[in-house]
Amino acid sequence: MEIVHVAAECFPMAKAGGLGDVVGALPKYQALQGHIAKVVVPMHRTEFLYQQQWELVHEGSQYLGPQFFHYSVIKEKTNLLGFDLYLIDINGLLDREKIYGYPDDTERFIAFQNAVCDWINSWKHLPDIIHCHDHHTGLIPFLLQYGYDCKDRLAAIPSVFTVHNAQYAGAFDWQRKYLLPACDMLHWSLLDWHHQINPLAAAIKTAWKVTTVSPGYLLELRSSAAGLEKLFDHEKDKSVGILNGIDTDIWDPAHDPYLLFHYTVATVAAGKRKNKEELCRRFGLDPDRPLFCFIGRMVAEKAADLLPGAIAACVAAHPEKINFLILGSGENQIEQQLELLTGPLQDSVGVHIGYQEALSHVMYAGADFLLMPSRVEPCGLNQLYALRFGTIPVVRAVGGLKDTVKDMGDSGGFGIRFEQPSVEDILHAVSRAVALYYEAPATLQKLREQIMQIDHSWKSAATQYLQLYKSLK
Ligand code: ADP
Ligand code: GLC
């Protein structure tokens with residue numbers, strides 16, 4: 001089969017979070033299973049762009065409202081990632097350093113989607129599947145069916161749309177409909193949700209199949225989806241939850257190039273200890289205490305706003321006995337509150353504000369526990385990386401966290417789960433972890449060995465996606 005993935009991120013070309021990890025890995029595993037997998041993302045000006053060699057494969061032009069634009073499509077020359085990576089360049093619109101966060105993001109992603117459809121329409125043959133990811137590509141399933149320039153050839157291509165995060169819909173006002181490529185006005189209602197043009201809703205209505213990144217999240221979306229609950233419920237028959245995998249080549253404590261000390265199941269105790277000592281040395285923390293890490297976007301979805309209060313409460317409840325290390329960036333107020341903590345609690349708390357791929361790997365390896373109090377977690381990859389590195393996940397039971405972490409109090413369980421995104425529940429969960437660390441080291445060791453062997457590789461998910469694609473042919 002030939003599958004074209006379209007997204008805003010693809011690791012290592014561009015990553016802001018888990019979307020990048022997934023789009024950088026799933027196609028690789030599809031290619032390994034003998035399929036042709038291609039990925040198309042905007043040409044962001046990231047380091048990767050300058051490090052690789054590219055060839056020009058297509059040039060075209062389109063309109064964004066009254067504005068005529070040229071675009072070019074370049075391809076990474078060496079198949080470095082295990083699949084063909086294509087970048088769309090639109091001068092002045094896509095060639096920027098950040099992936100998101102510009103005032104003209106709506107225009108940027110409409111132009112990107114328009115260029116993607118126009119380019120695929122120029123191919124001599126057609127792909128078997130167009131697989132779009134998140135709202136930045138949500139208009140594509142609609143355009144394939146109803147875009148005047150491409151529908152005659154492309155309407156027959158099955159589209160799959162994966163919801164990685166329904167908190168973001170990319171909605172914009174109907175007054176800006178002139179930005180859209182020319183399309184069949186009779187079907188404009190398919191773009192609408194609550195009197196706005198809503199790319200996420202449009203994709204859910206018009207994609208041939210909708211997937212979410214965990215089965216649990218799919219169920220939750222019917223009652224909690226930032227206003228789209230009724231739509232998810234209405235489209236439930238064409239929707240399926242497929243749990244993400246992880247790229248076990250990249251996330252591998254035995255070979256990770258970011259780690260000074262490699263380890264396997266057989267050497268997990270010594271291996272983690274050495275990585276922890278290195279990490280604690282960097283942040284001035286005592287490596288004999290249990291180390292709790294948080295890695296992620298500092299936003300309400302991740303309940304990062306609870307961290308300052310929760311950390312203060314945990315340190316107060318376990319004075320001299322506990323360490324926290326936080327890596328992330330996001331809302332200024334949360335960042336500042338966390339940084340302020342490092343003054344009075346400098347012996348117990350380390351904070352790094354920013355995005356650092358290398359540090360994140362060392363933290364997964366060196367931490368004893370990974371804390372994820374998320375209010376919303378469609379899948380969550382951090383807990384899967386933690387498992388692979390022998391780090392016990394301490395998670396709120398929601399979405400993909402609920403699907404992947406079993407509480408150690410239950411038969412076969414290995415993590416710590418709590419119900420509410422609240423300081424009280426975090427404190428209780430952390431206290432259970434502290435007791436495990438100090439009072440039951442043999443159990444902790446067994447759990448580490450157990451979790452490192454859980455298989456969350458992409459094999460199963462890649463097979464499920466293929467079955468889904470085949471059902472559409
Ligand atoms: P989300 O996509 O919602 O942010 P996921 O758990 O799916 O959450 O994936 C987050 C990904 O981003 C993981 O690979 C995690 O290690 C990484 N990550 C998040 N914040 C940072 C950061 N500040 N520095 C390095 N990596 C980060
Ligand atoms: C989103 C979700 C996260 C998920 C990731 C990859 O960013 O917030 O839970 O793991 O996408 O699918």
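Mentor: Let us begin with a definition: a salt bridge is a side-chain nitrogen of Lys or Arg within 4 Å of a carboxyl oxygen of Asp or Glu. By that rule Glu357 forms a salt bridge with Lys15, and their closest N and O atoms are 3.2 Å apart. Please keep in mind that this is a predicted model, in which local features need pLDDT of at least 70, side-chain atom pairs count only at pLDDT 80 or more, and totals for chains, interfaces and linings use all residues. Side-chain values use heavy atoms, with hydrogens and water left out, residues are numbered from 1 along each chain as its sequence is written, and chains are lettered from A and ligands numbered from 1 in the order in which they are written.

Trainee: How many salt bridges does the structure hold?

Mentor: The structure holds 25 salt bridges. One of them is formed by Glu2 and Lys38, whose closest N and O atoms are 2.9 Å apart. Glu2 lies in strand β1 and Lys38 in strand β2 (residues 36-42), so this pair ties together parts that are 36 residues apart in sequence. Helices (H or I, at least four residues) and strands (E, at least two) are DSSP runs, numbered from the N terminus.

Trainee: Which domains does the assignment give for the chain?

Mentor: Domain bounds come from an automatic or database domain assignment. Here it gives domain 1 (2-247 + 458-471) and domain 2 (265-452). Their C-alpha centres lie 33 Å apart.

Trainee: How is the interface of the two domains to be read?

Mentor: The size of an interface is often given as the accessible area lost when the parts come together. Buried area is the accessible area (1.4 Å probe) that two parts lose on being put together, summed over both. Domain 1 and domain 2 bury about 1500 Å² between them, 60% of it on carbon and sulfur atoms. In domain 1, Lys15, Glu220 and Ile246 lose the most area to domain 2, together 30% of what that side buries. Counted by contact, meaning heavy atoms within 4.5 Å, 20 residues of domain 1 meet 16 residues of domain 2.

Trainee: What polar pairing does the rule find across this interface?

Mentor: A polar contact is a pair of N or O atoms within 3.5 Å; within protein, one must be able to donate a hydrogen and the other to accept it, and residues adjacent in sequence count only if both atoms are side-chain atoms. Across the interface of domain 1 and domain 2 there are nine residue pairs in polar contact (both at pLDDT 80 or more). On the side of domain 1 that touches domain 2, α1 (18-32) and α7 (215-221) each supply at least two residues. Helix α7 gives the most to that side, with four residues.

Trainee: Which residues come nearest to ligand 1?

Mentor: A residue is near a molecule or strand if one of its heavy atoms lies within 4 Å of it. Of the 20 residues around ligand 1, Gly18, Asp21, Arg297, Lys302 and Tyr364 come nearest. A backbone N or O atom of Gly18 is 2.6 Å from an oxygen atom of ligand 1, and an N or O atom in the side chain of Arg297 is 2.7 Å from an oxygen atom of ligand 1.

Trainee: How many residues surround ligand 2?

Mentor: Ligand 2 is surrounded by 13 residues, the closest being His164, Asn244, Glu377, Cys379 and Gly380. A polar side-chain atom of His164 lies 2.7 Å from an oxygen atom of ligand 2.
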